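Please look at the protein below and read the report beside it. The headings mark the topics.

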Amino acid sequence: MSRSEAPLIEDAVTTGNLVDRLLSGLPTEAVLVDPDVTASYANDMASFCEAGVPAVVVLPRTVEQVQHVMRVATDLRVPVVPQGARTGLSGGANASEGCIALSLTRMDRILEINPVDRIAVVEPGVVNATLSRAVNEHGLFYPPDPSSWEMCTIGGNIGTASGGLCCVKYGVTAEYVLGLDVVLADGRLMSTGRRTAKGVAGYDLTRLFVGSEGSLGVVVRAILALKPQPPRQLVLAAEFASAAAACDAVCRIMAGGHVPSLLELMDRTTVKAVNDLGHMGLPETTEALLLAAFDTPDPAADLAAVGALCEAAGATQVVPADDAAESELLLQARRMSLTALEAVKGTTMIDDVCVPRSKLGELIEGVERVAEKYDLTIGVCAHAGDGNTHPTVCFDATDPDESRRARESFDEIMALGLELGGTITGEHGVGILKKEWLARELGPVGTEMQRAVKSAFDPLGILNPGKLF
């Protein structure tokens with residue numbers, strides 16, 4: 001938001017013009033103005049990200065209502081911040097001061113599940129786990145499964161191009177979005193993509209919107225690709241005396257041509273935190289715990305082959321799960337990691353650095369050095385199969401010095417990721433938290449071109465201002 005726009009926003013709120021205009025096309029219950037309520041929509045789950053207070057929160061149920069909101073916003077030059085469940089970790093859904101917080105959680109219908117075409121058509125407020133369970137009933141599978149899958153919405157997943165535990169085999173959200181309906185900044189409705197399995201007509205605007213964090217338009221409908229439901233997976237747990245040995249095992253597994261449905265790493269700090277919170281009984285004597293899973297017709301044979309590679313890399317113990325229930329328990333422990341680390345000190349900064357798999361060991365060793373340098377607890381859990389790590393800085397937010405050290409350590413880890421040929425975010429997005437680092441990763445020409453794309457779709461700069469750039 002530019003300074004020249006601020007007086008227009010202030011005038012609109014002061015005179016009630018904004019609310020009156022919104023109510024002319026929305027039911028009363030869809031427009032929230034109580035200050036205590038609007039303040040509750042100010043933040044997502046990220047630390048160190050500034051946020052303003054929305055002037056109004058709008059909860060539309062239809063595409064037409066979203067179009068009305070955007071037309072009013074354009075007329076009055078009011079910023080709009082699209083929001084889902086606000087489980088994000090980069091401040092991408094944080095409110096701008098005096099904005100319209102456009103919460104899409106009430107647009108939560110699964111419109112179609114088509115087993116022949118293997119697609120689902122959904123509104124943005126559908127919760128990831130709800131969709132997964134619905135398609136399972138048709139013998140189908142929607143693979144992207146962020147750790148927050150029981151809460152996060154498909155719209156939010158699309159906005160951040162999120163991933164999950166099964167990315168190593170099945171890929172990330174971008175690979176499953178076939179088409180979108182998007183309300184543009186001026187209220188026009190645009191459709192991108194298609195329902196077909198193939199299609200190369202024109203520029204791929206669908207992929208452009210995936211990961212755009214609500215800065216180019218408001219997604220109001222998505223056509224998602226589905227896969228046949230695989231067999232139940234079995235999980236193997238391997239203990240290592242060092243993170244380097246665990247990363248060596250990861251390299252051996254991938255170089256050997258294996259295709260696990262999951263390949264996750266938890267360091268000693270993370271394992272202890274999970275045990276403290278959930279009493280999971282994980283082995284705290286290990287320096288690194290590697291979880292590998294297969295959903296193949298003969299998962300036991302695949303686990304045996306991977307177990308041998310883990311032992312060759314120096315695993316001190318390799319324990320295959322006996323059944324699906326034991327496998328699910330191990331996966332619950334991994335999904336609990338970020339929540340457990342937050343409980344260590346009360347606040348966390350969760351990094352999202354992704355590096356080439358061959359550099360995974362170097363990154364984790366570097367994080368250990370950073371933790372020692374800044375005298376902080378930093379736990380690492382990782383989607384090891386694709387090199388996406390989540391170094392998690394645990395700190396006391398009431399301690400100014402510790403908070404400063406936390407922020408500096410976070411930045412140092414991102415710098416290390418870039419030095420190793422990686423990226424500052426593999427699945428959480430840029431938001432506010434990493435926008436300075438985005439410019440470093442893209443370079444001046446790349447940044448200029450991305451700003452040009454933003455300007456083409458949102459010339460007034462009203463969509464999620466202050467994010468990404």
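Predicted model: local features only at pLDDT ≥ 70, side-chain atom pairs only at ≥ 80, totals over all residues.

Strand S6 (residues 119–122) can be followed residue by residue. Four bridges join S6 to S5 in the antiparallel sense. Across these two strands, Ala 120 in S6 is the bridge partner of Ile 113, and Val 122 in S6 is the bridge partner of Ile 110. S5 and S6 form a hairpin with four residues between them. In the turn of this hairpin, Arg 118 has a positive phi of about 55°. S6 also pairs with strand S10 (residues 218–225), again in the antiparallel sense and over four bridges. There, Val 122 stands opposite Ala 222 in S10. Are the residues of S6 buried or exposed on its two faces? Both faces are covered: Ile 119 and Val 121 are buried on one side, and Ala 120 and Val 122 are buried on the other.

## The seven-stranded sheet

Another open sheet has seven strands in the order S15-S12-S14-S13-S17-S18-S16, with antiparallel pairing. Strand S15 (317–320) and S16 each have a single partner strand, so one side of each has no neighbour in the sheet. Neighbouring strands here are turned against each other by 15° on average, direction ignored.

Inside this order, strand S13 (residues 262–267) and strand S14 (residues 288–294) run antiparallel and are joined by six bridges.

Rolling a probe the size of a water molecule over the atoms shows where empty space is left. The second largest pocket holds about 710 Å³ of space. Its lining consists of 26 residues, and those nearest the centre are Phe 141, Trp 149, Gln 233, Glu 328 and Arg 335.

Helix H5 (128–136) and helix H12 (324–335) each supply at least two residues of this lining. H12 gives the most, with six residues. Sorted by class, the lining has 12 nonpolar, seven polar and seven charged residues.

## Salt bridges

Side chains of opposite charge can pair when their charged atoms come close. In the whole structure, 22 salt bridges are found. One of them joins Glu 402 and Lys 345, with the closest N and O atoms 3.2 Å apart. Glu 402 belongs to helix H15 (residues 400–419) and Lys 345 to helix H13 (residues 337–345), so this pair ties together parts that are 57 residues apart in sequence. Glu 402 has 9% relative accessibility and therefore counts as buried, whereas Lys 345, with a relative accessible area of 39%, is partly exposed.

Which residue forms a salt bridge with Asp 351? The partner is Lys 434, and the closest N and O atoms are 3.5 Å apart. Lys 434 lies in the loop between H15 and helix H16 (435–457), and Asp 351 lies in the loop between strand S16 (347–350) and helix H14 (360–374), so the pair ties together parts that are 83 residues apart in sequence. Lys 434 is buried at 2% relative accessibility, and Asp 351 is buried with a relative accessible area of 0%.

## A local pair and a network

Lys 359 and Glu 362 form another salt bridge, with 3.5 Å between the closest N and O atoms. Lys 359 is partly exposed at 30% relative accessibility, and Glu 362 is partly exposed at 37%. Elsewhere, salt bridges that share partners join Lys 345, Asp 401, Glu 402, Arg 404, Arg 405 and Glu 408 into one network.

Ser 403 lies in helix H15. At 10% relative accessibility, Ser 403 counts as buried, because buried means under 20%. Ser 403 and Glu 123 are 280 residues apart along the chain, and their C-alpha atoms are separated by 39 Å.

Notes. Residues numbered from 1 in each chain as written. Heavy atoms only, no water. Pairing = 2+ DSSP bridges. 1 Å grid on protein atoms, 1.4 Å probe; cavity = no way out; pocket = protein on both sides within 12 Å on 5 of 7 lines; lining within 4 Å. Points joined across faces, edges and corners; volume = space filled by probe spheres on them. Nonpolar A, V, L, I, M, F, W, Y, C, P; charged D, E, K, R; others polar. Salt bridge = Lys/Arg side-chain N within 4 Å of Asp/Glu carboxyl O. Buried < 20%, exposed > 50% of the residue type's maximum accessible area, 1.4 Å probe, protein only. Axes fitted to C-alpha atoms, helices over the stretch in contact; angles between N-to-C directions.
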